[in-house]
Every structure is written in structure tokens, then in C-alpha cells.
Amino acid sequence: MDIYSQAVQPILVPSPDNAVSPPIFQTAVYAFRDINEVDEVLSGQRPGYSYTRGGNPNTEALGQFVANLEGAEAGLVTSSGTAALLAGIMTLLPHPGCILVAREIYGGTVGLVRDILGPMGYRLQWVDTHNPETVRDALGQGAGLLIMESISNPLGRVCDLEHLITIAHEHHVPVMIDNTFATPFHATPLQWAADLVVHSLTKFIGGHSDLILGVVVGAQDTIQRASHIVDAAGFTPDPFASWLCLRGARTLALRMRQASTNALELAQALEQAQGVRRVYYSGLPSHPDHEVATRLLQRGFGSIVSISVDGGYEGVQTMIRHLDRVRLVPSLGDVATTISHPVVASHRELTSEEKEIVGIDESIVRISVGIESSSDIIDDFVQALSHSL
Ligand SMILES: *Cc1c(COP(=O)(O)O)cnc(C)c1O
């Protein structure tokens, strides 16, 4: 056999059942014995995989893992959180319609609905989810879907999801919850009868800023429909990213416990610190949603703390330049504490009017609190803020 033939010989990797860490099925496709077998697998008569766009063991293991944490029947991993949002929308509202969106939702969700789905005939309508009567009115005017977050970005707003989902269902409108900020450690919205829960796994569940993935979880038949969309549209994740995410996710509870404890301590310290105009954290009695958050969230209030810095844009610049340990990173959910500037990063797609509706301006900094010692995090912010005076 010459090199041309030799080079294409299959390399068989043994995958014994007792491997403690699962093997990575980094393959695009599978080989079959005969065409009957292809037919049986593709028709679902025989279990198995054929082409990774339609399914992969690492990806399915991760989907099942998140589904278990969320108390869901099934989970489906996607190439990004954004792909999960789009697959979720197309599953629950396959024909163009009106999408009600909570006022303080993630900027990327707004961009997706407005810029990508808008020209296809979908319509975005803001609703004030802190005012259930206005939501009821909007639901009664032919809405097709309601999208909310369990903890909003960046101001940590928490609305009464349980009540709002009940109202939506009275109007036969399905509800999709983005649970990225809370993670199943703090909230499991399916228990309030949400129709779908989505995550950006890129953030806390992955937890190490080394991958981009998303997931949708829900009832078996809903996820089945989502799975057709993900396969047909090519929103499929890479097996290695799924493997890596599952590796990180195994420490989720420990990370979230430490990070949310740190976040509360940091929020309390920053309320007293010089150079801070206002602290947004639902674990503080000063937060407008403290009561709702105490009732709905479990094991703490999450690990995102936002602050409004004295001196606006300049004050923010000065503080950021003086931080020693905390890095400016336009994402969140890492094991290390990071900060981001929503107006410039996550919410840049919003018009100035929309920013006003969401309630953010250039003085706001979002802190993703990590698992360091809280005193180190607090000290760094206090010293950095002292320069902005
Ligand atoms: C980051 C994020 C997304 C988008 O996820 P990607 O993995 O970046 O596509 C969606 N929702 C929220 C709340 C996020 O923070």
C-alpha cells in the first residue's frame, strides 16, 4: 500500500466503556456496513449517528446535562447562544408574528429580532414586564411569543416570571426565557411553565471563556421541532466545544456559589464606596426587584453587579485604566472577575431611545464577579474608583 492509500486508512480509536472522561467524537460523519443500515439509521428505526450536523454523542451528552439541571425532558445544544435564541423563536413562532420582548433584554436578542427577523415580517414590541397589566394588554393584541430573561442584562432586573407566564398562557402565547444570567443554580424557569429555556453556554455554564455555544431545553416534542431547525439551518455545534463545555459545567454549582457570594459582598462594598453613583444588584434591599428576586431566585442573586460611576464616560475610563486585576472583557461568566461597558459592547445595537428604555447610559459598568477571594476583588475596585474622583 503506498502513501496515497495508506494515508486514508481509518484510524480506529478504541473507546472503552470505562473511560472516566468521555472520548471526543470529533467526526463529521459515520461509516456504514451497507445501505440498509444507512436507511435504518436515517429513518430512526435503528439508533445511531450518521452526520454530525444532525447529532453527535458529545453534543447530546451536554444537552442532556443541562436538561437535567433545568428539570427539562430534553436539551439541544447549538453553535451559540444566539443560534439557540433563533432556533427557539423559530420553534415557538414559525410564521412571522409579533414578538413581545421585555424592556431590558440582551442587546443581541433585540438585534436578532429587529434586524434579522424584522425583514422577514416579524415585529418586535417592547413590553414593561414590571407592569403585568400592560403585558396583558399587549398579549391580547395578537402577540405570538413573549421573550424574557430570568435576570436581566445589565441592570439585574427580575420580574415575576411565574405570574407573567401564567398571563401569557391565558392568551395562548408561548414564553421563552433566556436563563443565561441565573443559570439553573439560581432559577429553573420550566418550573413556572416556560415553554422553552435558552442559554448562552459561552457564559457561566461553560465558565472559562474558551468556547461559544448555546442550548435550548424544554419538552421532548418542542426540542424535537427545534432539532429539525438546528439540523436544517446548520446551527450545529462542534463536538470538541461540547466536550469542553461539559468539562467546565461540572463545576458550575461550586463556581456559582462562590461567585454569587462574592457578588453580594462586592455590591455591599460598592454601595459604600466613593465614586459610585448607584449599584444595581437584586440581592441589595435598595434594588427595585429585591422582593421579587428573593421570592423567585434560589441560592443567591447571581454574579452580575452593575454600577453607575461618577463622572460618566470619563469616570468609567479612569476606573478601568486603574484596575489591576480585573480586565475589561466584553463578555461574562468567566472564573475571573471581568468588567464590560454595555453601551459600547453588549447593548451597542440599541438606538439611543432603546438605551433609554432599557435604562442604561455611558456611566454604567457591568461586573461579572468571579471566584477569587472577595477582598481582592473589592480592593481592586475601591482603589481604581479612588482615581476617578
Ligand atoms: C451572550 C448572551 C447571549 C448570546 O450568546 P452567544 O453565545 O454569544 O451567541 C444571549 N443571551 C444573553 C443573556 C447573553 O449574555
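**Entry: Ser374**

I looked up Ser374 and found it in helix α15, residues 374-387. Ser374 counts as buried because its relative accessibility is 14%; buried means under 20% relative accessible area, exposed over 50% and partly exposed in between, with a 1.4 Å probe and protein chains only. Not counting residues up to four places away in sequence, Ser374 touches Asn262 and Glu265, where contact means heavy atoms within 4.5 Å.

A note on the source: this is a predicted model, local features need pLDDT of at least 70, side-chain atom pairs count only at pLDDT 80 or more, and totals for chains, interfaces and linings use all residues. Residues are numbered from 1 along each chain as its sequence is written, and side-chain values use heavy atoms, with hydrogens and water left out.

**Entry: helix α3**

Next I checked the length of α3, residues 57-70. Its 14 residues should span 20 Å at 1.5 Å a residue, and the end C-alpha atoms are 20 Å apart, so the two agree. The expected span is 1.5 Å times one less than the number of residues.

Which residues of α3 are buried? I noted Pro57, Asn58, Thr59, Leu62, Gly63, Val66, Ala67 and Glu70. The buried residues of α3 pack against β1 (74-78), α8 (183-186), β6 (196-200), β7 (214-218) and α10 (239-249).

I also looked at both ends of the helix. At the start of α3, a side-chain oxygen of Asn56 comes to within 2.8 Å of the backbone nitrogen of Asn58. That is a polar contact in my notes: a pair of N or O atoms within 3.5 Å, where within protein one must be able to donate a hydrogen and the other to accept it, and residues adjacent in sequence count only if both atoms are side-chain atoms. Just after α3, Gly71 has a positive phi of about 70 degrees.

**Entry: the ligand**

I listed the residues around the ligand: Ser80, Gly81, Thr82, Leu85, Tyr106, Asp178, Thr180, Phe181, Ser200, Thr202, Lys203 and Leu213. The shell divides into 4 nonpolar, 6 polar and 2 charged residues. Helix α4 (residues 81-92) gives the most to the shell, with 3 residues.

Then I went through the contacts to ligand oxygen atoms. A backbone N or O atom of Gly81 lies 2.9 Å from one. For Ser200, a polar side-chain atom is 2.8 Å from a ligand oxygen; for Thr202, a polar side-chain atom is 2.7 Å from a ligand oxygen. The protein covers 92% of the 380 Å² of accessible area that the ligand has on its own. These areas come from the Shrake-Rupley method with a 1.4 Å probe, and for residues only the protein chains shown count as cover.

Is Pro237 buried or exposed? It counts as buried because its relative accessibility is 6%. Pro237 lies in the loop between α9 (220-233) and α10. Leaving aside neighbours within four places in sequence, Pro237 is in contact with Thr59, Val77, Thr78, Ser79, Leu213 and Ser242.

Ser242 is buried, with a relative accessible area of 0%. With residues up to four places away in sequence left out, Ser242 touches Asn58, Thr59, Leu62, Val77, Leu213 and Pro237.

**Entry: loops and backbone**

Gly311 lies in the loop between β9 (304-309) and α13 (312-322), and counts as exposed at 51% relative accessibility. A cis peptide bond joins Asn153 and Pro154, with omega about 5 degrees; Pro154 is in the loop between β4 (143-149) and α7 (161-170).

I finished with Ala193, which has a positive phi of about 75 degrees although it is not a glycine. Ala193 lies in the loop between α8 and β6, and is partly exposed at 39% relative accessibility.

Notes
Helix = DSSP H or I, 4+ residues; strand = E, 2+ residues; numbered from the N terminus. Near = heavy atom within 4 Å. Nonpolar A, V, L, I, M, F, W, Y, C, P; charged D, E, K, R; others polar.
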